[in-house]
Each structure stands twice: as structure tokens, then as C-alpha cells.
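Please go through this briefing with the sequence and the structure side by side. The points are grouped by topic.

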Amino acid sequence: MMQVNPRPPALRRLVLGLAIAVGLFFLPHAFGQLAGTGTIQGTVTDPSGAVVPGAQVTVTSEATGVKHQTVSSGGGLFSFPNLPVGTYNMAVTATGFKTYSRTGIVLEVGSNIGSNVTLSVGAANQEVRVEANGIALQTQDTSFKQTINEQEINELPLNGRQMTDLIVLSGGAANAPGNDMVGSKNFYSSKSISIAGGMGNQTDYRLDGADNNDYMTNVNLPTPFPDAVNQFSVESTAMGAQSGLHPGGEVNVVTKSGTNAFHGDAFEYIRNNWIDATNFFSSTPDQLHQHQFGGTLGGPIRRDKLFFFAGYQRTIHHAVTSDVSAFVPSQANLAGDFSKSDSTPLYNPITGDKLVNNHIDPSYFSPVSLALEKFLPQTTDPKGQVRYSRPGNYTENQFITRIDATLSQKNTLYGRYFLDGYAHPAAWNPTNALVTDTAGNLQ
């Protein structure tokens with residue numbers, strides 16, 4: 001029977017070369033800080049409590065199969081700093097002891113968890129297996145941190161699909177007063193959020209561990225859409241020196257990466273007045289039409305070594321603002337009657353004489369000005385008052401791609417490119433405005 005290789009060497013080399021080229025292209029956008037990571041550490045002891053030096057400790061990522069190894073020190077200590085977030089399995093071996101195996105160690109962003117190991121006397125081919133249940137309690141530092149994982153991100157209702165709206169779900173976080181926002185040129189999705197009583201512009205924002213602050217407004221830069229986020233944490237106390245510029249709290253968003261299995265999704269979220277009920281107190285249907293759609297895809301390029309992830313979301317938002325009042329010439333004004341428009345005495349601009357009952361001869365009106373009257377909305381209000389709503393339309397395109405490479409057990413490389421394009425009409429187009437008179441009649 002002839003067997004067909006689904007990934008011939010030439011094709012594999014081509015894909016690998018393209019991945020490396022893409023990674024090198026994205027390197028200028030991958031900051032020098034660590035990605036969203038955590039630490040696993042502990043002590044290896046024997047049944048009597050004595051430390052065991054020289055034990056071989058290995059942790060393996062369940063998602064990618066990437067292994068990290070170390071040897072316990074003379075004091076029995078071991079540490080795996082800067083591990084990518086995820087679920088890990090740990091194995092410990094030492095001469096004269098049974099192999100220790102622990103599965104399901106959940107590592108969250110910024111966590112520093114302890115996983116102490118007690119070896120049992122026996123042969124190395126014998127195994128003691130421990131299964132972790134739930135998330136390990138962080139006892140290695142005094143920080144208070146709450147993490148929102150991928151499942152919670154996808155299942156919690158999130159109107160508008162802005163990740164920053166989930167920050168207030170953590171303990172001690174609340175929307176800050178508007179005057180905490182510095183400047184007026186911030187991105188439309190930026191939030192002023194107070195953490196643990198701090199000022200809204202004193203929160204430090206990180207994306208994969210790198211700086212994600214807008215230093216013009218002192219709030220957050222855009223964050224990827226929910227389907228591209230693995231987890232994020234909100235930290236409120238005992239901030240480290242790396243967050244000295246923003247001591248109020250820290251928000252760290254971690255993007256998804258590829259795994260040994262292909263994974264992805266497609267989504268579409270719709271809001272409009274065709275399917276939404278009208279507010280009980282509203283006299284007219286809601287004018288909001290919002291359409292958000294996109295998808296993600298991630299997987300291996302080379303198993304256990306090289307992974308990719310990409311995602312896209314487009315938002316189309318059509319709405320109208322609250323009613324705004326304005327005045328246009330009424331029919332009485334066009335006939336020269338201003339008695340109901342203004343009680344202040346008016347004067348003839350040419351002769352300077354006081355107008356009787358605020359009436360003026362229409363022959364004084366400029367023909368050019370009268371020619372513009374046909375472009376103004378009509379109204380039955382005696383004073384010429386009209387109310388109108390301006391369109392609040394915008395579109396947004398988010399694109400993210402990420403490459404993760406394992407160079408060795410101690411060295412990894414990742415490149416991420418995130419683009420957020422936002423477009424908003426710069427001016428009001430009167431032909432698209434909804435105009436009503438004071439009685440609420442649509443013009």
C-alpha cells in the first residue's frame with residue numbers, strides 16, 4: 001500500500017521559512033519585555049522532610065508540548081520563571097526515589113505559585129501521580145490579583161466586545177469620574193477605571209507584558225477583541241518597580257497563541273431595531289445598527305516547536321446621537337415678522353429706526369440669503385425651532401497575528417502584530433440627519 005506524506009519536506013521547509021520571515025518582519029512590533037507569563041517554583045524533599053538536591057524537574061505545556069527542565073539546587077529548590085500562561089504537567093526524578101508526576105497545574109498571568117514535591121523511596125520506574133484540582137493558591141508574594149480566563153471572557157455578556165469593560169468585574173475596580181481622563185484625544189474604547197481607590201489615570205496597562213499605555217491621555221491603548229485574548233488579570237496591591245509610573249493598579253492582557261492542535265472560531269454579533277425591543281419610555285424605535293463579525297485560527301507550524309495564531313474582527317456601527325436644538329427662519333420671519341422670535345426691540349439696520357412690533361420690510365433681505373432658505377429644514381414652530389440627531393457612525397477593523405517559537409528549553413521567541421483601524425465621519429451631513437419640529441413631527 002502506498003502511503004502519502006501529507007507534509008512533504010519541501011513544503012515543510014517552505015512553511016517554516018515563511019513563518020520565520022513573518023516573525024522577523026513583526027519583530028519591531030514585539031517589545032523587549034516579557035510576554036504574559038508566570039512562575040512555578042518549589043522545594044523537593046524526601047519523606048523525612050530533608051531536601052533532595054540534584055533532582056531532575058521537568059514541566060511540560062499541555063497545549064504545545066514544550067518542555068522546560070531544571071535541577072534542584074543544594075537546598076532542594078527549583079524555579080521556572082517566565083513560563084507562558086497555560087496548563088502544565090510536572091515530573092520529578094531522583095536516584096533512589098519513585099518518579100513524581102503532577103498534572104493540571106494552571107498558571108495564570110503574573111502568578112508566582114509554589115508546587116512543593118515530596119518524593120517517595122522506591123525505584124525510578126515506579127510512579128506517584130498527583131492530579132491538581134483547580135487553580136493553585138498564590139503564596140509567594142503579597143499581591144492581590146484577579147484573573148479572568150478565556151471561558152469567562154467568552155461567556156460573560158459584553159456589549160460592544162471591548163475587553164476593558166470586564167475590568168470592573170474584579171474586586172475593587174469601578175469606573176472613575178470623567179475628570180480623571182487626561183486629554184481629549186484618546187481612543188474611543190479607552191476607559192478611566194479606578195482600581196482599589198486609585199485615580200482612573202493611574203492604572204498601568206500591559207499587553208502580553210509590554211507597555212500598552214497612551215501617554216497623551218494616560219489611559220489604555222486599544223486591546224484585541226475577546227476571541228483573540230487568552231486571559232487578563234487585574235492587580236491592585238503591592239505593585240512592583242516596573243509599574244512605578246502607574247501605581248494605582250495593573251491590567252495585563254494576554255493574547256492567544258497557537259498550539260499542537262488546530263483551533264479557531266467564526267462569530268457574528270448583531271444588534272438592530274429589527275430584532276431589539278423598543279425601550280418602554282421611547283416614542284421612536286432605537287436607531288442603533290451594530291454588526292460585529294470575524295474569526296480566529298491557530299495551530300502548529302512545527303509540532304512542539306513553532307506555532308501561529310491569527311484573528312480578525314470588523315465592527316460596523318450606525319446610530320444617531322441625542323436630539324440637538326437649533327433655530328431656522330420661520331415662515332413669519334421670512335415675511336418680516338420677528339415679534340414671536342425675540343422680545344428684544346429690533347432696529348432697522350440701514351436707518352437705525354426702531355422697528356414697530358419687530359416687523360421689517362422683507363425687501364431688506366439679501367437675495368443670496370433667501371436663496372439658501374430652501375436648504376434649511378422646514379418647521380411649524382412659530383420661533384423656528386427644530387431638533388435634529390446627528391449620525392454616530394464608525395467602523396473598526398482589528399487584525400492580530402502571532403508567531404511563537406521554542407528555540408531551546410531556556411529560550412523562546414515570539415512576535416505579535418496588532419492593528420486597530422478606526423474610522424469616524426469628520427463632519428455632519430445634514431442630508432442624513434433626522435429632523436423634527438418641537439411637536440416631534442419628522443420633517
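**Briefing on the predicted model**

I270 is found in strand β19, which spans residues 263–271, where strands (E, at least two residues) and helices (H or I, at least four residues) are DSSP runs numbered from the N terminus. This is a predicted model, in which local features need pLDDT of at least 70 and side-chain atom pairs count only at pLDDT 80 or more, while totals for chains, interfaces and linings use all residues. Residues are numbered from 1 along each chain as its sequence is written, and side-chain values use heavy atoms, with hydrogens and water left out.

**Overall make-up**
- The protein has 26 strands and four helices.
- Of its 443 residues, 41% are buried, a term that means under 20% relative accessible area, with exposed meaning over 50% and partly exposed in between (1.4 Å probe, protein chains only).

**Around I270**
- I270 is partly exposed, at a relative accessible area of 43%.
- Together with W274 and I275, I270 makes a nonpolar surface patch of about 400 Å²; patches consist of residues with over 30% relative accessible area and no salt bridge, like charges being joined within 9 Å and nonpolar side chains (Val, Leu, Ile, Met, Phe, Trp, Tyr) within 5 Å.

**Q313 and R161**
- Q313 lies in strand β21 (residues 306–318) and counts as buried at 2% relative accessibility.
- The side chain of Q313 makes a polar contact of 2.8 Å with the side chain of R161, a polar contact being a pair of N or O atoms within 3.5 Å, of which, within protein, one must be able to donate a hydrogen and the other to accept it, and residues adjacent in sequence count only if both atoms are side-chain atoms.
- R161 also forms a salt bridge with D227, with the closest N and O atoms 2.3 Å apart; a salt bridge is a side-chain nitrogen of Lys or Arg within 4 Å of a carboxyl oxygen of Asp or Glu.
- R161 lies in the loop between α2 (150–155) and β11 (173–175) and D227 in the loop between β16 (219–220) and β17 (229–235), so the pair ties together parts that are 66 residues apart in sequence.

**Salt bridges at D208**
- R416 and D208 form a salt bridge with their closest N and O atoms 2.6 Å apart, and this pair links R416 in strand β25 (residues 412–423) to D208 in the loop between β13 and β14, 208 residues apart.
- R416 is buried, with a relative accessible area of 5%, and D208 is buried as well, with a relative accessible area of 0%.
- Salt bridges that share partners join D208, R402, D404 and R416 into one network.

How values were computed. Accessible areas come from the Shrake-Rupley method with a 1.4 Å probe; for residues, only the protein chains shown count as cover.
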